Amino acid sequence: MPLKKSEIKNLLESNDDKLFQSADEIREKYKGNCVHIRGLIEFTNICRCNCFYCGLRRDNKELERYRLSEEEILNCVQRAVNAGYKTVVLQGGEDMFFDSGKLCSLIKKIKKYDIAVTLSIGERSYDEYKDFKTAGADRYLLRIETTDKNLYAKLHPNMSFDNRIKCLYNLKKLGYETGTGIIAGLKGQSIDSIAEDILFFKELNADMVGIGPFIAHPNTPLAGDIKDNFDLSLRTMAITRLMLPDINIPATTAMETIRLNGRLIALNSGANVVMINMTTAPYRKKYEIYPNKSCINDSPEHCVNCIKSKIESIGRKVSNSKGSRYEN
Ligand code: 5AD
Ligand code: SF4
């Protein structure tokens with residue numbers, strides 16, 4: 001459903017719950033009843049960037065850093081495969097130790113399992129994106145975070161908004177299923193700019209969009225900016241479903257972190273994907289993008305069982321397909 005900017009702004013500012021029902025109906029019509037589970041592997045918490053909101057930022061000296069070995073990563077992949085998941089997401093900070101050679105070798109090994117590989121490792125050159133694609137990577141997640149250029153510049157020292165946009169279009173051009181998204185509730189972020197963000201998802205023709213509420217991390221410059229951004233993130237997500245009816249939309253971990261059963265609420269408001277953490281102790285605790293992340297003390301096996309019963313409790317089914325945008 002194409003909405004004008006003024007209509008998007010009205011929906012963002014309204015308290016009407018009909019938005020969530022409409023998004024749920026559109027999800028059912030275009031994506032069906034199944035929920036796709038992605039196995040998330042947080043393989044490095046080392047990052048060259050200094051994003052103001054993120055606990056993994058370079059200047060957070062309190063955080064103990066880690067990198068998983070190839071063997072450890074493949075163990076996590078095996079766990080996801082054993083659980084029946086058909087996609088793994090390799091997520092990490094911008095850690096240049098993982099160069100094209102190392103990543104391509106890893107991607108090729110994972111592709112032997114006949115599963116989809118999603119990368120979420122930040123900004124790289126066109127040639128690197130191309131190498132990963134040739135090695136077998138299928139999808140890529142790179143949130144724009146905000147399309148407000150001034151806010152983007154304030155929150156991302158030494159980074160370039162234009163380069164981020166360029167990366168997203170490069171990924172599209174190379175044939176990746178391309179995911180983007182934003183953090184909702186950043187200080188200085190206006191409703192107007194969130195409406196622009198949603199229009200940007202449409203313009204890019206994003207294949208996946210992840211929306212998470214901002215959660216203040218104590219060891220960042222945004223510490224203390226504590227407010228509840230759940231509703232704002234949920235509304236943003238639901239409007240995105242109206243605008244891009246057939247895309248994949250995750251119920252995000254950040255939503256679960258600030259609301260009991262936040263993911264189920266999201267699944268009933270337009271979402272059709274869940275990312276389940278396959279990272280094991282002692283690393284899981286150290287991937288602290290924001291505090292009190294949900295499931296931080298659980299094992300992958302616990303999460304696998306827990307999410308299946310939660311999904312079934314709301315009358316939905318766990319998918320057994322790769323869950324790409326155009327498969328149905
Ligand atoms: N609150 C919510 N989301 C955050 N992210 C990073 N820091 C925070 C935070 N404090 C999100 C960013 C990033 C993703 C991996 O996590 O959107 O792209
Ligand atoms: Fe690094 Fe991503 Fe965190 Fe920014 S949001 S500091 S790029 S891990």
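E145 is buried in this predicted model, because its relative accessible area is 11%, under the 20% cut-off. The residue is found in a loop, between β4 (139-141) and α6 (149-155). Phi of E145 is near 70 degrees, a positive value in a residue other than glycine. Most residues other than glycine have a negative phi.

Polar contacts to ligand 1 come from both side chain and backbone. A polar side-chain atom of E145 lies 2.5 Å from an oxygen atom of the ligand. Y53 contributes through its backbone: one of its polar backbone atoms is 2.9 Å from a nitrogen atom of ligand 1. I215 also uses its backbone. A backbone N or O atom of I215 lies 2.7 Å from a nitrogen atom of ligand 1. Taken alone, ligand 1 exposes 400 Å², and the protein buries 87% of that area. The ligand sits in the largest cavity.

A positive phi is found at N261 as well. There the angle is near 60 degrees, again in a residue other than glycine. N261 is found in the loop that runs between α10 (253-258) and α11 (262-267).

Another backbone feature involves a proline. The peptide bond from A281 to P282 is cis, with omega near 0 degrees. Most peptide bonds are trans. P282 is found in a loop, between β8 (273-277) and α12 (300-313).

M96 is likewise a loop residue. The loop in question lies between β2 (87-92) and α4 (100-111). M96 has a relative accessible area of 35%, so the residue is partly exposed. Which separation is found between the C-alpha atoms of M96 and R48? The two atoms are separated by 8.0 Å, while the residues are 48 residues apart along the chain.

Definitions and conventions: Residues are numbered from 1 along each chain as its sequence is written. Chains are lettered from A and ligands numbered from 1 in the order in which they are written. This is a predicted model: local features need pLDDT of at least 70, side-chain atom pairs count only at pLDDT 80 or more; totals for chains, interfaces and linings use all residues. Side-chain values use heavy atoms; hydrogens and water are left out. A polar contact is a pair of N or O atoms within 3.5 Å; within protein, one must be able to donate a hydrogen and the other to accept it, and residues adjacent in sequence count only if both atoms are side-chain atoms. Accessible areas come from the Shrake-Rupley method with a 1.4 Å probe; for residues, only the protein chains shown count as cover. On a 1 Å grid over the protein atoms alone, a cavity is a set of points where a 1.4 Å probe fits but cannot get out, and a pocket is an open set with protein on both sides within 12 Å along at least five of seven lines; lining residues have an atom within 4 Å of a point. A molecule sits in a cavity or pocket if more than half of its atoms lie within 2 Å of its grid points. Helices (H or I, at least four residues) and strands (E, at least two) are DSSP runs, numbered from the N terminus. Buried means under 20% relative accessible area, exposed over 50%, partly exposed in between (1.4 Å probe, protein chains only).
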